[in-house]
Amino acid sequence: MKNLVELDKNHFIHPTSSIQQQQEYGPKIIVEKGDGIFLTDKEGNVFIDAMSSLWNVNVGHGRKELAEVAKQQMEKLAFSSAFSTFSHEPAILLAEKIASIAPEGLNAIFFTSGGSESNDTAIKIARHYWRIQGDTQKKKIVALKRGYHGVAAASTSATGIPEFWSMAGRLMEHVVHAETHYMKGTQIAIQSLREIIEQEGPENIAAFIVEPVQGAGGVIVPSEDYLIEARKVCNEYDILMIVDEVITGFGRTGKMFGIEHFNLQPDMITFAKGITSGYIQLGGVIISDHIHEVLKEKSKGTLFHGYTYSGHPVATAVGLKNLEIIEREGLVENARVMGNRLLKGFQKLQEEIDIVGDVRGLGLLGAIEFVQDRSNHQRFAPELQVAVKVIEALHQRGIICRPVTYEGVDIICFAPPLIINQYQVDTILERLQDAILDVR
Ligand code: PLP
């Protein structure tokens, strides 16, 4: 039998991973199969996938229905272009379905293959929107520190985690970062947004991009009024608001879209991950009726932006079936109920264990932050690697979740599949308690 570890080391460059660590240790887990909330590795070890892999396997692993729909669509029409005058039924139907569940006033969809492409697309559409109205100066993008928007050119630039600029620089000029609401609260974060806009000149700014909950930055849930205030600032300065729902879309937070928690209307919503629960690559941008009208009226000639796989027939057919499953099984409501249970469990851990600092959650998106001293949020020395050690202790107990350690924080994140039940939530919590006590 082939030595998969050696082959991996020699030939497979992993995304967002340490090449040197890979050369030293090889892959730690070679996953063989998935079923429900569980993953099984090649040695037969079973894990709870408490991250839905990359925050995306919302309906859980091993859904034959999705495999079946992909097979049928491949047999019927595996691929056909959506460029220019070509179209096909799965893309049309999925666009219509997304429009029907999206917040009011957002009804037109541009498809991509993932989150990074979606954010690059939204940023280009924002600039185009101003350009076709004669505002060629309105080019800059304001994003938030600790925000994550992907790794394509514009999305790398919009990402506010400096580690992501270390590979090849910040790539795009014209992106500025305001303070996140993390640990600072609404007032300071909104003040920073205003200052950045004033400093750069609102006449130079095309859009503000923000996640409803900052995911990769450490599951940072804003206070109730932050996004509403940010929307007001965007209106005041005539700046488009792009809401990045790549993680939060399609039920993750206990509502169909994360932005529904905040009662406001964005100009664009970007999505990916949960639209197909990761069964196949798909993403997109949902555009407001207003932007759509301006495009219809003023975007002359060809819109020179499109991916070969924009509106891929198989991906859109899977997306449609995936949304059917989410609705049929009431998974948005389940995410809300199970998310509350998970958060209550975190709060109990916080009461009982002194190194559990902040705990956060919105639906099935949650995090725990470890601190040395809760009274003043004093963090552990980075070399202690507390979050990484807890992750390892959880791993030994059959739970996969994810650490966030940017800028010296010790955060562990949870985003289990939306199908999780109360016993499985309790299992995660029990093992989590053991793992933390082990490391403490
Ligand atoms: N936006 C957010 C909020 C994300 O969490 C991610 C990925 O984790 C992306 C964008 C990038 O998506 P992708 O990795 O599909 O390009």
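Predicted model: local features only at pLDDT ≥ 70, side-chain atom pairs only at ≥ 80, totals over all residues.
Me: Which residues of helix 12 and helix 14 make the contact?

Reply: From helix 12, look for Met-338, Arg-341, Leu-342, Gly-345 and Leu-349. Helix 14 brings Gln-422, Val-425, Leu-429, Leu-432, Gln-433 and Ile-436. By class, seven residues of this contact are nonpolar, three are polar and one is charged. The crossing of helix 12 past helix 14 is right-handed.

Me: Let me try another pair. How do the axes of helix 8 and helix 9 cross?

Reply: The axes of helix 8 (residues 186-200) and helix 9 (residues 226-237) cross at roughly 20 degrees and come within 10 Å. That angle makes helix 8 roughly parallel to helix 9, and the crossing is right-handed. On the helix 8 side you will find Thr-186, Ala-189, Ile-190, Leu-193, Arg-194 and Ile-197. They meet Tyr-226, Glu-229, Ala-230, Val-233 and Tyr-237 of helix 9. This contact has eight nonpolar residues, one polar and two charged.

Me: And at what angle do the axes of helix 5 and helix 11 cross?

Reply: Helix 5 (residues 89-101) and helix 11 (residues 313-328) have axes that cross at roughly 40 degrees and come within 8 Å. Therefore helix 5 is oblique to helix 11. This crossing is left-handed. Pro-90, Ala-91, Leu-93, Leu-94 and Lys-97 of helix 5 meet Pro-313, Thr-316, Ala-317, Gly-319, Leu-320 and Leu-323 of helix 11. Eight of the contact residues are nonpolar, two polar and one charged.

Me: Now the ligand. Which residues come nearest to the ligand?

Reply: There are 14 residues around the ligand, and Gly-114, Gly-115, Ser-116, Gly-150 and Val-246 come nearest. Helix 6 (residues 115-131) gives the largest share of this shell, three residues. Sorted by class, the shell has five nonpolar, seven polar and two charged residues.

Me: Finally, what average pLDDT does the protein have?

Reply: The protein averages a pLDDT of 97, and 100% of the residues score at least 70. For the complex, the predictor gives an ipTM of 1.00 and a pTM of 0.98.

Methods:
Residues numbered from 1 in each chain as written. pLDDT = per-residue confidence, 0-100. Near = placed C-beta within 6 Å. Helix = DSSP H or I, 4+ residues; strand = E, 2+ residues; numbered from the N terminus. Nonpolar A, V, L, I, M, F, W, Y, C, P; charged D, E, K, R; others polar. Left-handed = near helix turned anticlockwise from the far one by under 90°. Contact = placed C-beta atoms within 7 Å. Axes fitted to C-alpha atoms, helices over the stretch in contact; angles between N-to-C directions. Parallel < 35°, antiparallel > 145°, perpendicular 65-115°, else oblique.
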